[in-house]
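Student: Please take a close look at one part of this chain for me. Start with the backbone, then move on to the charged side chains.

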Amino acid sequence: MKKAAKLTLVTMLVFGIFTTVFGAGVALTGIGARAQALGGNYRALSNEWSGMYWNPAGIVFSNGLTAGFSNEFIKVGVGYTSAPSLAGQQFSATSTSEVENEPKTFIVPSGGICYSNGKFAAGLGVWAPFGLGAKWDILNTSTYNSAYPEFDYDDDLQIIDIHPTIAYKFSDKLSIGVGASIIMADIMIQKPNFTPNPYIYQQDLWNYLLTTPYADAVTSVLNGLGAMGVKNSPYDHLLTDTVLDGDGTGFGFNFGIMYKPTENLSIGISGQIYNDIPLEGTVTAKTYMATNLTAHQTVQNLKPIYDYLLSNKIIDADSYNALLNYYSGVAVDRPVPEKIKADLPLPATFGLGIAYTGINNLLLTADVSMTQWSSWDVIDIQDNATGESFSELVENWEDGIRFGIGAEYYLSKLTLRGGYYTEPRAGDETTMTPTIPDISRRHVGIVGFELPIGPMKLHASYEKIFVADNTAEKWELAADGKAYDNMAGDYNMGINIFMFGLDYSFGKK
């Protein structure tokens, strides 16, 4: 009975911190203004600095010393309406109407410089292949505990790739290239964790006490709490704010082949592979007790009983504090590992592209690629000091195939561009949360232009991402019963992206 009655609060409070991180919605491919305006259908071209990302074999077809940069402005709007609460499966103080994420514009720069003598080329680029995040005020915590942070969900992922590259042209028809990735990752995640209110859900404890001489006192307190309504929302779960900060450095490489069977046709093949990034960081967890001073005074009537249970090791110290202080409104720092570590996998990508220039003043491109999102299966989070498992992230994502087409039309002083691509999401309803813009298949349309001014080329483009609404019908309780793998409800989103860029040729007057 003693073992059954113990409340293992610490693990329940902090176990779910990694339940949301990122998915296909944070694969950033806006690297290079020309490539972006063509919808990323660029593997068979890649003849300027951004080719170091898309297909390093292409940079050998650039001319002399060139440099460029692009700057992407991403505006993401996501709406979330919580599904009806299920007993024991969520903090029920969620809004019954739609909640939108905190407005934010992400600024994602990239750039590079390369040199080609027509036979050999080398360059250095810097970009962010993965990133983004979201901030939400989803929970109504004002009546639960007004001291709880205003934003209950917040995450920020930044991954920077510093990329030296070389390429060699074997003949007019064939070239190869390879680049190295030096990856720097920085992650911040804030999210609430929910522990069932012991006065509602700890039936083993109350069933035990009702067989003891304390039965009348316990019954009186439980009935009193019920009459006050403090067994209902927003008091049905203990709420803990958890924050993770971590960083790490990793490595990878990409390779490319460019083949030109005819003057008007080129074929590009490329791949990007990363090793797992060893992350180290810290985690903090603060429990905010519900605030209801009348209920708190009622609970104090059971203090002698809790003292007895603690002294006889029927409950532990954390359970004692939770039972005694549940309605006190106090905030308590939770014991967590001083340092944590995890290996973060980044998905590999392989693609094939074709470009055709046989129509007067017109360039046509098409690409197909596969991203290995299945590498995000189960990620083990460990105590850095002991090496013991502290938590795990279960995503069960699937690989995705992206397909797109692009076109470029040359006017006398202006080049017009457009592109389209589509790709599926990585996860499904069982892991869907509002913190990541990855709720269903994406269809993307892009328009842009290039304006030459002497040795410079100015670029601009607009990208609209269309994502169908989706619904996660059921809150998915993790197998261990200590965390939730998703957030059930209705989702909708819209993404608008603007990009500006400049390329400069040092040899052109």
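Tutor: Lys-313 sits in the loop between α9 (303–311) and α10 (317–325); helices (H or I, at least four residues) and strands (E, at least two) are DSSP runs, numbered from the N terminus. This is a predicted model: local features need pLDDT of at least 70, side-chain atom pairs count only at pLDDT 80 or more, and totals for chains, interfaces and linings use all residues. Residues are numbered from 1 along each chain as its sequence is written, and side-chain values use heavy atoms, with hydrogens and water left out.

Lys-313 is not a glycine, yet its phi is positive, near 60 degrees. Its relative accessible area is 61%, so Lys-313 is exposed (over 50%; buried is under 20%, partly exposed in between; 1.4 Å probe, protein chains only). Asn-361 also has a positive phi, about 65 degrees. Its loop runs between β12 (349–359) and β13 (362–371). Asn-361 is partly exposed, at 34%.

Now the charges. The whole structure holds nine salt bridges (a side-chain nitrogen of Lys or Arg within 4 Å of a carboxyl oxygen of Asp or Glu). One joins Asp-367 and Arg-43, at 3.1 Å, N to O. Asp-367 is in strand β13 and Arg-43 in the loop between α3 (33–37) and α4 (51–54), so the bridge ties together parts 324 residues apart in sequence. Asp-367 is buried at 4%, and Arg-43 at 6%.

Arg-417 pairs with Glu-408 at 2.2 Å and with Glu-450 at 2.3 Å. Arg-417 lies in strand β17 (residues 415–423) and Glu-450 in strand β18 (residues 442–453), 33 residues apart. Glu-408 is buried at 0%, Arg-417 at 6% and Glu-450 at 9%.
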